[in-house]
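Have your viewer open and try each task before reading on.

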Amino acid sequence: MTAFVSRHPVWSVIIGLVVAVLLWSIFAPWSEAMEETFGRKRIFLNAVFGGVTLGALYFLVASGFTLIFGLMRNVNLAHGSLYLLGGYIGFEVSERTGSWLLAFPVVFIVVAALGLILQNQVFRRMEGEELRQTMVTIGLSVVIADILLWIWGGQSYTIFAPDWLSGPMTLPIVSGTRSSGEIVFLRYPAVRMAILFAAIVVGFAMWFVLNRTKLGMLVRAGVDDREMLAASGVRIQYVFLAVFGFGAGLAGMAGIIGGTFQSLSPGEDTRFLLASLVVVIVGGMGSIPGAAIGALVIGLAEQLGLVYAPTYSVVFTFLIMAAVLAFRPQGLLGRS
Amino acid sequence: MRKTLIAAAAAAAVTLPSGAMAQDEPIKLGVLVALEGAFAEGGADGVRNVELALQQAGFEAGGRQIEYVVAPSDTTPDTAVRQARKLIEQDGVDIIIGPLSGSEGIAMRDYAKTVPDKTIINGISGALETTWVDPAENFFRFNLDGSQWGAGLGTYVVEEKGWTRVATVAADYSFGYTNFLGFAVDFCRAGGEIVERFWVPLGSSDFGGVIASLPDDVDAIYLGVGGTDAINFLNQYNQTGAETNLIGGTIMADQTVLTSRGRAKEALIGTPTSGPLATDDPSEAWQSYVTAYQEAFPEDERFPTPSLFGVGYYIATLAALQGINEVGGDLSDGQAALHEALSTTPLDTPLGTVELNENRQASGSVFITEVVEDGEGGLRNEFKARVDNVTQTLGMTPDEFRAMGLPSRDNPDCAALGGG
């Protein structure tokens with residue numbers, strides 16, 4: 001961080017200013033003139049929170065994707081299918097047991113197991129052949145999508161959030177004042193706040209594991225130079241398996257979350273694959289903080305776009321991606 | 001006697017060769033239908049219904065065998081045209097049944113002009129422009145268009161429910177505009193006021209920001225989204241704890257939404273909608289069609305009752321079969337006889353008799369329904385009212401209708417129609 005500030009003083013100031021303005025506009029009460037130009041504060045806050053929580057979902061999907069890419073140089077285009085599979089299994093588990101929380105460990109284990117099988121039986125056989133691996137993952141994604149369509153059909157599924165998360169909660173953020181002068185606090189869906197919280201916890205846990213544990217050290221060493229790591233006696237295949245299983249399980253759990261605040265249906269797999277691709281391109285391939293920033297930027301762009309410029313909201317995501325590719329092809333936090 | 005005999009022989013001689021020739025080759029129908037994207041499930045029901053209509057006819061019409069080829073699209077116009085080209089150029093189909101969505105319909109109208117000796121019978125696409133603006137001579141639509149489907153609902157909510165101030169959220173594409181126009185024209189003429197209009201891109205999955213922007217001081221919110229988008233909207237609407245009354249556009253409370261799994265759809269209970277069908281319509285034509293549909297497919301491979309998309313494709317297939325019967329399977333001379341038969345012969349459908357106007361667009365009935373619980377944990381639409389003879393111009397003269405302008409984000413102007 002300090003190194004970044006000393007190397008890019010101008011950029012640091014600009015980024016700091018943007019963050020400060022954003023925070024100020026979230027926490028400070030808006031004057032009437034501001035409400036007139038930008039619309040009511042409640043709308044702005046909801047768009048921002050919508051963007052952040054959507055970003056949390058994107059982060060959960062994309063972090064596994066970027067980790068797998070960083071370590072194995074394997075663009076797993078079947079990642080979206082793992083997301084959708086996790087969502088469907090989560091629906092079945094929560095419907096049958098009545099427990100939303102129970103769905104998470106079950107889905108994590110099932111989808112991670114599928115990930116282990118994929119890595120051990122498929123990708124290991126074609127290690128180092130990146131193009132072939134990519135083609136195989138495309139093929140797998142088509143096959144899995146058809147199997148899912150066969151089992152769960154084409155209708156939409158929504159996973160019901162438990163009672164303690166249904167409905168809105170009040171956040172300690174002022175969304176406006178009534179004409180009587182009474183302060184109105186922002187009410188926001190509880191389930192989305194829970195998801196945001198979970199994503200932050202997962203993000204920090206990943207950061208902790210990667211930076212403070214032996215396994216994390218191996219993964220980081222593998223990202224930097226896997227030949228040297230293998231040569232120094234580490235059984236790199238086990239590291240690969242762990243990372244692939246974890247990434248797959250995370251995508252599966254994200255499927256439950258996606259099914260809870262959006263819905264599951266055929267086609268969601270490619271939508272989330274595309275979202276993860278955009279997120280890691282913007283954030284930088286192989287970087288977890290990059291995935292977090294990329295997910296946040298894309299989530300905010302989609303939601304603010306939908307509210308303030310619905311016609312062009314579809315374009316914003318790709319404009320951001322194009323801008324990043326043009327000026328910083330390795331991604332915001334990627335290493336060139 | 002001898003003269004009659006000779007005449008009969010001569011007649012036989014004239015008809016025989018053509019009859020014999022006609023027997024040789026089957027007539028091919030191409031079914032252009034969305035099997036990907038938000039309407040995939042409805043599209044699949046369309047295919048089922050084409051099959052049902054053909055089964056009922058014994059895969060035969062006008063003395064010729066009928067075959068069909070399915071071409072999947074993804075609700076985008078370019079895919080629709082590409083698939084239509086494939087149907088005509090590679091599969092050699094004579095008649096296309098389809099497409100499913102509004103923008104595809106407009107693209108297919110233009111494509112129809114490039115193949116004047118083929119016939120295109122609309123599946124269920126509902127864009128007004130398809131048969132209103134510069135229509136193609138060989139494009140026939142036996143279903144009502146999107147604006148007709150909205151007619152009658154506005155009067156109903158104002159008079160029966162007393163809801164006069166609404167905000168609207170509708171999908172930002174041609175069907176969204178058109179279906180909204182039908183509702184809005186009627187609603188504003190009945191004295192209603194539209195406070196604010198929101199347009200959301202098709203395929204939006206996160207509506208949090210839009211839901212927050214909805215004004216508080218309205219009687220109801222009109223929702224003109226469908227399929228997966230509708231479910232996402234309802235899910236998020238529930239989660240914010242919002243409780244305003246809802247009014248549904250035609251695809252809001254269709255079978256696709258009502259049969260979705262999960263509880264998001266429960267927000268729809270009590271929502272009035274309008275459309276070209278009511279699943280519990282007591283008329284005999286409808287009831288016998290529903291029975292046939294239910295008997296033709298096992299319960300886990302169909303909807304409880306046919307979906308809007310399914311009925312559209314069923315009626316289109318009926319029209320094709322009746323037309324082919326009418327001309328005795330004769331598709332020569334650029335299918336001129338078939339075109340004539342299709343435009344002039346009234347068609348008996350499960351939704352009542354349909355007649356085409358000079359633009360080859362149907363006039364028919366609109367049904368007002370409300371979503372209720374079916375007592376078994378599911379939801380269904382309950383028949384409330386029926387509005388007959390809804391024309392393409394919604395009861396205006398063609399000139400008045402033209403003067404109002406085409407459906408768009410800002411059209412119709414509510415105040416100009418008498419609303420607040």
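Throughout, two residues are in contact if their C-beta atoms, placed from the backbone, lie within 7 Å. This is a predicted model, in which local features need pLDDT of at least 70 and side-chain atom pairs count only at pLDDT 80 or more, while totals for chains, interfaces and linings use all residues. Residues are numbered from 1 along each chain as its sequence is written, and chains are lettered from A and ligands numbered from 1 in the order in which they are written.

**Exercise 1. Describe the side of chain B that touches chain A.**

Step 1: count the residues. Chain B contributes 31 residues, in contact with 34 residues of chain A.

Step 2: assign them to elements, where helices (H or I, at least four residues) and strands (E, at least two) are DSSP runs numbered from the N terminus. Two or more residues each come from H2 (40-56), E8 (193-200), H9 (208-213) and H10 (227-239) of chain B. H10(B) gives the largest share, six residues.

Step 3: sort by residue class. Ala, Val, Leu, Ile, Met, Phe, Trp, Tyr, Cys and Pro count as nonpolar, Asp, Glu, Lys and Arg as charged, and the others, Gly among them, as polar. On this side of chain B there are 16 polar, nine nonpolar and six charged residues.

**Exercise 2. Characterise helix H2(B): what is its span, and how many of its residues are buried?**

Step 1: check the length. The expected span is 1.5 Å times one less than the number of residues. With 17 residues, H2(B) reaches 25 Å from first to last C-alpha, close to the expected 24 Å.

Step 2: check burial. A residue is buried if 20 or more other C-beta atoms lie within 10 Å of its own, exposed if 12 or fewer, and partly exposed in between, with C-beta atoms placed from the backbone. Twelve of the 17 residues of H2(B) are buried, including Glu41(B), Asp45(B) and Arg48(B).

Step 3: find the cover. Strands E1 (27-34), E3 (64-73) and E4 (95-97) of chain B are among the elements that cover these buried residues, as are helices H11 (255-258), H12 (284-296) and H13 (308-326) of chain B.

Step 4: look just past the helix. Gly58(B) follows H2(B) and has a positive phi, near 65°.

**Exercise 3. Work out the strand order of the six-stranded open sheet in chain B.**

Step 1: apply the pairing rule, by which two strands pair if DSSP finds at least two bridges between them. The order is E2-E3-E1-E4-E5-E6 in chain B, with mixed pairing. E2 (60-61) and E6 (139-140) of chain B are the edge strands, each pairing on one side only.

Step 2: inspect one pair. E4(B) and E5(B) (residues 119-121) run parallel and are joined by three bridges. Ile97(B) has Ile121(B) as its bridge partner in E5(B).

**Exercise 4. Is Ile256(A) buried or exposed?**

Step 1: locate Ile256(A) in helix H11 (residues 236-261) of chain A.

Step 2: count neighbours. Ile256(A) is buried because 28 other C-beta atoms lie within 10 Å.

Step 3: list contacts. Beyond four places in sequence, the contacts of Ile256(A) include Gly86(A), Phe104(A) and Ile159(A).
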